[in-house]
Amino acid sequence: MTVIEQTAPIPQPREKSRAWRKMRANRGSMVGMVIILFFAILALAAPILPIPDPVATSWGAIRKAPSAAHWLGTDDLGRDILSRMIWGARASLMAGVISVAIAVVIGVPFGILSGYFGGWTDQIIQRVTEALLAMPFLITAIALAAFLGPSLTNAMIAIGLSAMPIFVRLTRGQVLAVKTEDYVEGARSVGLGHVDIMTRYILPNVFAPIIVQATLTVATAIIAEASLSFLGLGQQAPAPSWGSMLNIAKNFLSQAPWMAMWPGIAIFLVVIGFNLLGDGLRDALDPREH
């Protein structure tokens, strides 16, 4: 048992510090991290920031251009856009992270079972996965959100279920490569059960690519949430989200272009941030670079 635990290539502190050095050397990943941290801090601090109520209307300030009173202007009901942007960041970031967490929690166990056991287990899981992957991601999310009903919670569930097949396929491929390693064979030879082998020796050694894929998928999930909210299937009025703000702004593009400009820029920056961070993580965690 002792020999197996020593030979299993579970990441050591030196490897973690090497990965962090590679991350710091990658300017793109650090820029992405700064962007994500900026929006995350704004979203978390929204309740204590000295900003107006995001749902408070003012009939005397309808569609006002950016000014000292309203830094990013106001919308069609006189609501402060800066306040709605900050509170909308909470909805958009939460939707991206939680929906990807749903996809990982469901997809990774199925991927491990499929790759580890093979046979009929693998055939059944892979046929279902291929059927789901045959449908476009966003179309699947829209169909599920429409079936579940319009709300942010249902939108997150729909996005998570739609992204789940990606993690099933990725995890299966990683498990197929890992399960033939000597330390896994050694664990079997000393009589460890399947659950112990999967949780102690396989999962830790396939988790790096899953983290990278999850980071990249958060960006896709944020776009999907914005799309669902734009269609009225996500965050419901009067609660703000960047997608629902764009839905309102589309009717006033010529009279008040700032209504669409700010949420569009925010979505662009956050998506770029997660993509840059994901690319940096992929390079830092790639064992071929060590």
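Contact here means heavy atoms within 4.5 Å, and on that basis residues 24 or more positions apart account for 72% of the contacts in the chain with a separation of 6 or more. The model is a predicted one, and its chain holds eleven helices and zero strands. Buried residues make up 43% of the 290 residues in the chain, while the C-alpha trace spans about 75 × 45 × 30 Å along its principal axes.

**Overall build and core**

- Read from the N terminus on, the elements of the chain follow the order α-α-α-α-α-α-α-α-α-α-α.
- The largest nonpolar core comprises 66 residues, and those with the most contacts inside it are I202, W242 and F274.
- Helix α9, which covers residues 194–230, gives the most to this core, contributing 16 residues.
- W242, one of the residues with the most contacts inside the core, touches F39, M85, G88, A89, S92, P263, A266, I267 and V270 when residues up to four places away in sequence are not counted.

**Packing of α4 against α7**

- Two packed helices are described by the angle between their axes and the distance between the axes.
- For α4 and α7, the axes come within 5 Å and cross at roughly 35 degrees, and the crossing is right-handed.
- The residues of this contact of α4 with α7 divide into 24 nonpolar, seven polar and one charged.

**Packing of α5 against α7**

- Helix α5 (residues 119–133) packs with helix α7 (residues 152–178) at an angle of about 135 degrees, and the two axes lie 9 Å apart.
- The crossing of α5 and α7 is left-handed, whereas that of α4 and α7 is right-handed.
- On the α5 side the contact is formed by D122, I125, Q126, T129, E130, L132 and L133, which meet M164, P165, I166, V168, R169 and R172 in α7.
- The residues of this contact of α5 with α7 divide into seven nonpolar, two polar and four charged.

- G115 has its place in helix α4, which runs over residues 81–117, and its relative accessible area is 0%.
- Because buried means under 20% relative accessible area, G115 counts as buried with that value.
- Leaving aside neighbours within four places in sequence, G115 is in contact with R172, V175, L176 and K179; of these, R172 is also among the α7 residues that α5 meets.
- G115 and I125 are ten residues apart in sequence and 9.8 Å apart in space, taken from C-alpha to C-alpha, and I125 is itself one of the α5 residues in the contact with α7.

**Backbone features in loops**

- A cis peptide bond, with omega of about 5 degrees, joins A237 and P238, and P238 lies in the loop between α9 and α10 (242–249).
- R63 shows a positive phi of about 50 degrees although it is not a glycine, and its place is in the loop between α3 (27–45) and α4.
- With a relative accessible area of 32%, R63 is partly exposed, whereas G115 is buried.

Note on methods:
Residues numbered from 1 in each chain as written. Predicted model: local features only at pLDDT ≥ 70, side-chain atom pairs only at ≥ 80, totals over all residues. Heavy atoms only, no water. Axes fitted to C-alpha atoms, helices over the stretch in contact; angles between N-to-C directions. Helix = DSSP H or I, 4+ residues; strand = E, 2+ residues; numbered from the N terminus. Left-handed = near helix turned anticlockwise from the far one by under 90°. Nonpolar A, V, L, I, M, F, W, Y, C, P; charged D, E, K, R; others polar. Core = buried A, V, L, I, M, F, W, Y, C linked by side-chain atoms within 4.5 Å. Buried < 20%, exposed > 50% of the residue type's maximum accessible area, 1.4 Å probe, protein only.
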